[in-house]
Structure formats: structure tokens, C-alpha cells
Amino acid sequence: MKAAVITFPGSNCDRDLAVAFERAGAEVVRVWHKDSALPAGVDVVGVPGGFSFGDYLRCGAIAAQSPIAAAVKAHADRGGYVLGICNGFQVLTEMRLLPGALMRNAGLKFICKVVELEVATTASDYTSGYQKGQRIAVPVAHHDGNYTVDAETLARLQGDDRVAFRYAANLNGSMADIAGVLSENRRVLGMMPHPERVVDQTHGGADGATLFASLIGKMALA
Amino acid sequence: MKARVTVMLKTGVLDVQGEAVRRALGTLGFEGVEAVRQGKVIELDLAATDRAAAETEVKAMCEKLLANTVIEKYSVEMV
């Protein structure tokens with residue numbers, strides 16, 4: 001299994017994401033945002049957290065127009081897996097690979113703490129290792145995580161079981177407490193919390209390891 | 001030629017920053033501020049000479065990058 005982790009200027013979770021993929025058994029290749037193609041044979045693309053391009057204009061907006069973005073879009077259109085975490089989630093919404101937008105937190109403050117998430121669906125290769133309704137502890141670190149989407153799309157996301165994770169308690173103003181959403185084919189996941197920061201007990205918890213193990217395991221079977 | 005692009009949140013999208021500004025104005029004693037919406041203004045210096053073509057081009061820039069039309073609306077003024 002091969003995972004590509006993209007680095008933009010201002011990415012700061014790219015190394016942690018690469019380690020999380022590696023520990024789950026994937027071979028990881030690092031990709032620079034100016035590359036216009038993904039390495040051959042990539043199964044999953046990781047779009048990491050951080051502050052790509054200094055969050056200028058809007059979080060993720062400029063990264064979404066970078067040379068590698070077209071290759072990531074083509075990979076997703078072919079049915080490839082894409083995991084966007086935090087700033088990576090913002091990039092994926094700006095690329096329109098996922099619906100909605102991440103707006104400024106309702107409390108206007110940067111929130112950096114471990115929060116409780118509820119696994120909202122197990123019907124995805126990312127979440128199939130959890131139990132539905134399971135509570136997991138995962139850190140968040142964001143200023144713009146207030147998930148906003150029009151009412152019609154929100155109803156469709158909920159009706160199609162595309163909400164992957166919810167905050168157990170309202171955190172940042174996100175509609176329906178959404179912390180992560182899936183694409184229509186369930187292979188693109190965007191989430192604000194950082195599962196790659198909890199993949200080892202020495203991190204203070206390992207609830208994120210299940211996501212990576214589940215994904216890499218499912219891809220190995222495919 | 002210059003273009004001025006104004007980007008605002010769409011009607012109905014909660015503007016938490018605008019709301020904080022409204023409350024701060026009230027704290028300062030400015031009464032009667034019923035709503036505040038905050039947006040951004042982007043000024044572009046363009047080499048183009050054809051006004052209509054330039055305006056079309058700027059609108060394409062708005063759709064592709066300058067505004068996120070999921071939550072924002074924009075207007076273009078050629079100046």
C-alpha cells in the first residue's frame with residue numbers, strides 16, 4: 001500500500017501524518033506541492049494540517065490551486081482515497097472534493113485541546129474499525145473549523161450517512177456538530193480533528209490508530 | 001485599469017466576526033447598530049484595456065479563487 005503525503009509551504013503535520021501511515025503498514029512517499037503528478041501506484045493521498053500559504057485569502061484556498069491539486073482531484077475522480085486533516089480538510093473543501101466550508105470558530109478563538117468525538121458511521125474504510133456511536137478522544141487545533149453548508153446539502157449528507165465524525169459536545173459552531181465528512185463514494189474523508197496525533201500511547205492516546213489501520217487494512221484486501 | 005472586488009458572506013450565513021464587532025461597538029457606547037457584516041475588498045491593477053473583457057476576466061478570478069461561492073458572494077467594480 002502506498003500513501004502520498006503532500007507538503008505545502010506552511011504545512012506542519014505532514015511528518016506526523018507520514019508516520020501514522022507508516023505505522024499502519026503503508027509505504028509513504030512525500031510529495032511537494034509544486035509537483036504536478038503523484039508517484040505511480042499511490043493508493044491514498046494525505047493532505048496534512050498546518051497553515052498552507054499562511055492561510056492567506058481563506059484557509060486552504062491557495063493550496064487548492066497549487067500544481068499538485070489537479071493530480072489529487074484526478075486521483076479522487078478515479079476512485080482513489082484522499083484523507084484531509086485540519087488544514088487538509090479546508091483544502092479539500094476549497095477544491096470542491098468535499099461539500100461545505102470551514103468558517104471562523106463561533107467563539108472566535110483558536111481551539112487547541114483534546115475533544116471527544118462520536119463515530120457517526122462505520123460505513124467507510126476509514127471508520128470501519130470503530131463501533132458506531134463509539135466515543136474517541138482526538139486533539140483539535142484550529143481557528144477555522146466551523147463547518148458550514150447549505151440546508152439542502154446538510155440534509156443530503158445526513159441522509160446518505162456521510163457524516164464520519166461529530167463533536168460529542170458543540171465545539172466551534174459546526175452545523176450538526178460535524179467534525180468530518182465523506183465524499184459520495186466514501187473514499188474522500190475530511191476532518192478537523194487530528195487522528196495522526198494519537199497513534200501511540202506515548203501520545204497520550206491511540207484512538208487515531210484505528211483509522212489508519214482500518215484504511216490500510218481495507219486497501220490491502222482490495 | 002483597476003478593478004475593485006468586494007467579497008461578502010452570503011445572506012443567511014452567520015458572520016461571527018461581524019457579530020463580535022457589533023457587540024464591541026455597543027460596548028463602546030455606539031447605540032443602534034443593528035447588524036454588522038464583515039467582508040473584504042480586493043483591488044487589482046490590470047494591464048487590460050478592454051473594460052468589458054477585463055470585467056469578465058475578474059469575475060472568472062472571483063469564481064475560481066477570490067471568493068468561495070459556497071459561503072460568499074462577490075461584486076466587481078471597474079474603476
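Buried here means under 20% relative accessible area, exposed over 50% and partly exposed in between, with a 1.4 Å probe and protein chains only. This is a predicted model, in which local features need pLDDT of at least 70 and side-chain atom pairs pLDDT 80 or more, whereas totals for chains, interfaces and linings use all residues. Residues are numbered from 1 along each chain as written, chains are lettered from A and ligands numbered from 1 in written order, and side-chain values use heavy atoms, without hydrogens or water.

**View 1. Helix H3 of chain A is largely enclosed by the rest of the structure, because 8 of its 8 residues are buried.** Helices (H or I, at least four residues) and strands (E, at least two) are DSSP runs numbered from the N terminus. The buried residues of H3(A) are A:Asn87, A:Gly88, A:Phe89, A:Gln90, A:Val91, A:Leu92, A:Thr93 and A:Glu94. Their cover includes strands E3 (44-47), E4 (81-85), E5, E8, E10 (178-182) and E11 (188-191) of chain A, where contact means heavy atoms within 4.5 Å. In the loop between E4 and H3 of chain A lies A:Cys86, which has a positive phi near 60° although it is a residue other than glycine; A:Cys86 is buried, at 5% relative accessible area. A:Arg96, which follows H3(A), also has a positive phi, near 65°.

**View 2. A:Leu108 has a positive phi of about 65° without being a glycine.** This residue sits in the loop between E5 and strand E6 (111-119) of chain A, and, with a relative accessibility of 27%, A:Leu108 counts as partly exposed.

**View 3. A:Leu17, in helix H1 (residues 14-23) of chain A, is buried, with a relative accessible area of 0%.** Leaving aside residues up to four places away in sequence, A:Leu17 touches A:Val5, A:Gly46, A:Val47, A:Pro48, A:Leu83, A:Ile85, A:Glu196 and A:Phe212. From A:Leu17 to A:Val47 the C-alpha to C-alpha distance is 8.6 Å, while the two are 30 residues apart in sequence.

**View 4. The largest nonpolar core has 71 residues.** Such a core is a set of buried Ala, Val, Leu, Ile, Met, Phe, Trp, Tyr and Cys residues joined through side-chain atoms within 4.5 Å. The residues with the most contacts inside this core are A:Phe21, A:Leu83, A:Leu117, A:Phe165, A:Leu189, A:Leu211 and A:Phe212. Apart from this core lies another, of 13 residues, among them B:Val7, B:Leu44, B:Val58 and B:Val76.

**View 5. Side chains alternate along strand E1 of chain B.** E1(B) pairs in the antiparallel sense with strand E2 (residues 40-45) of chain B over 6 bridges, two strands being paired if DSSP finds at least two bridges between them; in E2(B), B:Lys40 is the bridge partner of B:Val7. E1(B) also pairs in the antiparallel sense with strand E3 (residues 72-78) of chain B, over 7 bridges, and there B:Met78 is the bridge partner of B:Ala3.

**View 6. The largest pocket, of about 530 Å³, is lined by 24 residues.** On a 1 Å grid over the protein atoms alone, a pocket is an open set of points with protein on both sides within 12 Å along at least five of seven lines, a cavity is a set where a 1.4 Å probe fits but cannot get out, and lining residues have an atom within 4 Å of a point. Points are joined across faces, edges and corners, and a volume is the space filled by probe spheres set on them. Nearest the centre of the largest pocket lie A:Arg58, A:Asp144, B:Gln17, B:Lys40 and B:Glu72. Helix H3 (87-94) and strand E5 (101-103) of chain A, together with strand E1 (2-9) and helix H1 (16-27) of chain B, each supply at least two lining residues.

**View 7. The second largest pocket holds about 250 Å³ of space.** Of its 17 lining residues, A:Thr148, A:Val149, A:Met175, B:Gly12 and B:Val13 lie nearest the centre. Strand E8 (residues 146-148) of chain A gives the most to this lining, with 3 residues.

**View 8. The largest cavity has a volume of about 30 Å³.** Its lining consists of A:Ile6, A:Phe8, A:Val47, A:Ala63, A:Ile68, A:Ala69, A:Val72, A:Val91 and A:Met95, and helix H2 (residues 67-77) of chain A gives the most, with 3 residues.
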